[in-house]
Amino acid sequence: RIDEFVSKRHVLKQRYDSFLDSALLIKPFQDLHCFSSLHLYPIRIKSNNNISKKRKFCFNTLRKNGVGVNVHYKPIHSQPYYKQFGFEKGDYPNAEAYYDSTISLPLYSDLSFDLQDQIIKLTNQILFNEN
């Protein structure tokens, strides 16, 4: 049934791509020559200042409203194990900027269009009201 699951994820991705507000966020890019199983749908929040605070607010508000968002992935150099090797905040600014601005929206084959519509509407509202 893997083909069925992946096919549904592609439909859901297209719906996210169509209905999430591009003025408020950056949607995931997929090269037309590649095929993905779409195990994640990470969005990057746009902001001119304090992006980390904005992402945290969006994350917390979505969670409070029952949306199972997540953050993928914490930069490896900021993991506790790597502190012993001398890595510090600021060593990899691009990885840190990505982490500070990204939230993964739910994307699974059983996600209904009705629930996805609610996620899209709430995400757009949160980001619009924070601008």
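The model is predicted, so local features need pLDDT of at least 70 and side-chain atom pairs count only at pLDDT 80 or more, while totals for chains, interfaces and linings use all residues. Residues are numbered from 1 along each chain as its sequence is written, and side-chain values use heavy atoms, leaving out hydrogens and water.

**Sheet**
- An open sheet is formed by 3 antiparallel strands in the order S1-S2-S3; strands (E, at least two residues) and helices (H or I, at least four) are DSSP runs numbered from the N terminus.
- Strand S1 (25–26) and strand S3 (102–105) are the edge strands, each pairing on one side only; pairing requires that DSSP finds at least two bridges between two strands.
- S1 is joined to strand S2 (residues 41–45) by 2 bridges, and Leu25 stands opposite Ile45 in S2.

**Helices across the sheet**
- Helix H2 lies across S2 and S3, at about 20 degrees to S3; angles run from 0 to 180 degrees between N-to-C directions, with axes fitted to C-alpha atoms, for helices over the stretch in contact (heavy atoms within 4.5 Å).
- Helix H3 (residues 93–101) also lies across S2 and S3, running at about 100 degrees to S2.

- Arg55 is found in H2 and is buried, with a relative accessible area of 9%; buried means under 20% relative accessible area (1.4 Å probe, protein chains only).
- Leaving aside neighbours within four places in sequence, Arg55 contacts residues including Ile45, Tyr99 and Thr102.
- The side chain of Arg55 reaches the backbone oxygen of Tyr99 at 3.3 Å.
- Thr61 lies in H2 (residues 51–64) and counts as buried because its relative accessibility is 17%.

Methods
Buried < 20%, exposed > 50% of the residue type's maximum accessible area, 1.4 Å probe, protein only. Polar contact = N/O pair within 3.5 Å; in protein donor to acceptor, adjacent residues only side chain to side chain.
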